[in-house]
Amino acid sequence: GLDIVLSLVKHRARFAMVQKCTDTLRRDLMGGILSNSPSEFGRRDAAGYTALFSNHIERLKDLLLFNLCRIHEQIWSLLLSMVTLVYFSPIMGAFLLAIGVFSVFIPHFFEKGIQRKQEAQMEKAENHLAILRDILNGYWIIKNHCVEKQFRKKYEHASAELSQADFQSEYYPYMTSTISTAVTTVAFIGIISIGAYLVIRGRIAVSIILTLSQLIGSVLVPIELMPQYVSQVKGARRVLREVTPYLKKEPQTAGFLPAASAG
């Protein structure tokens, strides 16, 4: 019962923090856009600005904010479990530490690929929004000229490209998770082997091994999940670079006031 309560409290705190950060991002984004000069504002069309709110902010929420919270939780779980494990069995602790260090470098091998998938997804999302805007804004023109079929095909093509890009951007990080699962399996087999060896040699009691088995899960789970979380955070850097120029700008409305109001 206590585990359920603690889990609910933890998830409520995580969701509340992420939602607050997301709201702050949206507010800062709108403030940054409104503080731009007309010439700066004109460098991006309406579909591009809409994509910042509907696509980029949501992806930052899912890829960056949630995963940063998860990484923070897993790090604490890993550290506390490792300290306890090393205290009872330095050999088993050193083995799991080596596995953990190796797993940290797994996302590095997929970093460029994940970034390419994220960039392609953002490009297709903006293209989809642009075509959608053109169709909705030009609805009466399309109907009057009887070109519904052409625009339907154009939209279906953009939608299919976006779906494929979404699939690639979501599936590619899963490959990192699969490799992490394989590493975790190797680590589990290694721990069992080391534990059996230590028991046979009389260097540790069976009761201690049974006790430590509860901690091993708290070490192996972060080792399995962390590479996936880290790879998704790295994949969000391209999205963050797109949004950052519009954030936290000071209002510059003085230059836009009519001359008659200057007095």
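## Helices H5 and H8

Helix H5 covers residues 106-137 and helix H8 covers residues 206-235, helices being DSSP runs of H or I with at least four residues and strands runs of E with at least two, numbered from the N terminus. The two pack at an angle of about 40 degrees with their axes 8 Å apart, and H5 and H8 are therefore oblique to each other (under 35 degrees is roughly parallel, over 145 roughly antiparallel, 65 to 115 roughly perpendicular, and the rest oblique). The axes are lines fitted to C-alpha atoms, for helices over the stretch in contact, with angles from 0 to 180 degrees between N-to-C directions.

On the H5 side, the contact (heavy atoms within 4.5 Å) is made by Ile 106, Pro 107, His 108, Glu 111, Ile 114, Gln 115 and Gln 118, which meet Pro 227, Val 230, Ser 231, Lys 234 and Gly 235 of H8. By class, these residues comprise 5 nonpolar, 5 polar and 2 charged, where Ala, Val, Leu, Ile, Met, Phe, Trp, Tyr, Cys and Pro count as nonpolar, Asp, Glu, Lys and Arg as charged, and the others, Gly among them, as polar.

## Helices H5 and H7

With H7 (residues 148-200), H5 crosses at roughly 160 degrees, the axes coming within 9 Å, and the two helices are therefore roughly antiparallel. Here H5 passes H7 in a left-handed crossing, and the contact of H5 with H7 holds 19 nonpolar, 10 polar and 5 charged residues.

## Helices H3 and H4

Helix H3 (residues 46-88) packs against helix H4 (residues 90-104) at about 140 degrees, with 5 Å between their axes, and this makes H3 oblique to H4. From H3 the contact draws on Met 82, Leu 85, Val 86 and Phe 88, and from H4 on Pro 90, Met 92, Gly 93, Leu 96 and Leu 97; the residues divide into 8 nonpolar, 1 polar and no charged.

## Overall form

The protein has 9 helices and 0 strands. Its radius of gyration, taken over C-alpha atoms, is 26 Å, well over the 18 Å that the globule rule (2.2 Å times the number of residues to the power 0.38) gives for 263 residues, so the protein is more spread out than a compact globule. Along the principal axes, the C-alpha atoms fill a box of roughly 90 × 55 × 35 Å.

## Confidence and conventions

The mean pLDDT (the predictor's confidence in each residue, from 0 to 100) is 82, and 93% of the residues reach 70 or more. Where pLDDT is low, the predicted coordinates should not be read in detail.

Residues are numbered from 1 along each chain as its sequence is written, and side-chain values use heavy atoms, with hydrogens and water left out. Because the model is predicted, local features need pLDDT of at least 70 and side-chain atom pairs count only at pLDDT 80 or more, while totals for chains, interfaces and linings use all residues.

How values were computed
Left-handed = near helix turned anticlockwise from the far one by under 90°.
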